[in-house]
Amino acid sequence: MNINWYPGHMKKAKESIKKNLSLVDIVYEIVDARIPFSSQNPDIDNIIGQKPRLKILNKSDLANEKNNLEWKEYFKSNGISSVIVDSKKNKGLDDVINMTYLLTEEKRKSLSKKGIKNKPTRAMIIGIPNAGKSTLINSLSKRKGAKVGNKPGVTKGNQWIKIKGDLELLDTPGILWPKFSDKEVGLNLAFTGAIKDELLDLESLAIKLVDKLNSISVEYLEQRYRISVKDKSSYEIILEIGKKRGCIISGGEVDFNKAGNLILDEFRNGKIGRITLEFPD
Ligand code: G4P
């Protein structure tokens, strides 16, 4: 799987983030809770610099609950604040707001000492494609709704959405590019749907996913499809699941592609279970 992002896009995206960074007090870095490592951009520290950062472990509803807490602990031990969020069901949003106030407290205090009061606290979201940036913007803005419009000093086109009290969110997220630092990272991004399927060989991807799931726990596939995976290759497992689920082509053979797709789809939708694919350290 050799996927290279168009360098021009990356450069443009980075420049746009840098420009918007100067407008905000805090950055929400959104990652997929199933793959918090693979879905982050390793350059993030350089990009954000000293700006307060809150890591959002999004899609937490699809990830293992215990692992979510372990990741939160892990980030905390590395000095990074994080919150566990399900943007689709609006869960964890109060934590986002409370942590925002906490992480920007110093700045607000110092402004207040200078006599500057009622200045909005501003945030922006950044993350790789498909991490849930738009969904999070929508769910945060639903709470208070109204856009506050352009203001002097703000680049034309930027809209600020009132979230709560004096907290505002930039309505356009910053797009970060994932970094395929190794094969594992590329696969994790593909399993979770962060890479467009047209770019992938779905049959081998399904085999790799079955390998991966079984390496974490054989129970996932056994319970979902009521099969035994013992002493079977991933290829054989997919054939068996295909047979059980009626993925058959004329002549009675199993449609391997369809069966593989079914497993990928069910994994991505959380039907196989709440599964975290990578673990701290
Ligand atoms: P992006 O802006 O970062 O590219 O991501 P976007 O918000 O478009 O979300 C990508 C997909 O992830 C969407 O699914 C969205 O519904 C889903 N998603 C976002 N946050 C969560 C979450 O916390 N939990 C779950 N389970 N899903 C989440 P889609 O299939 O592309 O669209 P849709 O059919 O859900 O509308």
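The C-alpha centres of domain 1 and domain 2 lie 37 Å apart, and that is a handy place to start getting to know this predicted model. The domain assignment places domain 1 at residues 10-171 and domain 2 at residues 201-268.

**The nonpolar cores**
- The largest nonpolar core has 66 residues, and Tyr 28, Ile 56, Leu 221 and Ile 272 have the most contacts inside it.
- Helix H8 (residues 202-216) gives the most to this core, namely 6 residues.
- Where does this core lie? Both domain 1 (10-171) and domain 2 (201-268) give residues to it, so it lies between them.
- Another core lies apart from this one; it has 6 residues, among them Ala 33, Ala 63, Trp 71 and Phe 75.
- Leu 221 touches, beyond four places in sequence, a set of residues including Val 210, Leu 213, Ile 237, Ile 241 and Ile 272.

**Helix H4**
- Leu 93, Val 96, Ile 97 and Thr 100 are the buried residues of H4.
- These residues cover an arc of only 95 degrees around the axis, so they sit on the same side of H4.

**Asp 86, in a loop**
- You will find Asp 86 in the loop that runs between strand S3 (81-84) and helix H4 (93-103).
- Is Asp 86 buried or exposed? Its relative accessibility is 4%, below the 20% cut-off, so Asp 86 counts as buried.
- A polar atom of the Asp 86 side chain lies 3.1 Å from the backbone nitrogen of Lys 89.
- Beyond four places in sequence, Asp 86 is in contact with Asn 58, Ser 60, Asp 61 and Lys 91.

**Ser 141, in a helix**
- Ser 141 belongs to helix H6 (residues 133-142).
- With 12% relative accessibility, Ser 141 counts as buried.
- The side chain of Ser 141 has a polar atom 3.1 Å from the backbone oxygen of Asn 138.
- Setting aside neighbours within four places in sequence, Ser 141 is in contact with Ile 161 and Ile 163.
- Lys 55 and Ser 141 are 86 residues apart in sequence, and their C-alpha atoms are 18 Å apart in space.

**Confidence in the model**
- The average pLDDT of the chain is 90, and 92% of the residues score at least 70.
- Over residues 148-155, pLDDT stays under 50, and the model has 15 contacts beyond four places in sequence for this stretch.
- Where pLDDT is low, the predicted coordinates should not be read in detail.

How values were computed:
Residues are numbered from 1 along each chain as its sequence is written. This is a predicted model: local features need pLDDT of at least 70, side-chain atom pairs count only at pLDDT 80 or more; totals for chains, interfaces and linings use all residues. Side-chain values use heavy atoms; hydrogens and water are left out. Helices (H or I, at least four residues) and strands (E, at least two) are DSSP runs, numbered from the N terminus. Buried means under 20% relative accessible area, exposed over 50%, partly exposed in between (1.4 Å probe, protein chains only). A polar contact is a pair of N or O atoms within 3.5 Å; within protein, one must be able to donate a hydrogen and the other to accept it, and residues adjacent in sequence count only if both atoms are side-chain atoms. Contact means heavy atoms within 4.5 Å. Domain bounds come from an automatic or database domain assignment. A nonpolar core is a set of buried Ala, Val, Leu, Ile, Met, Phe, Trp, Tyr and Cys residues joined through side-chain atoms within 4.5 Å. The arc is that of the directions from the helix axis to the C-beta atoms. pLDDT is the predictor's confidence in each residue, from 0 to 100.
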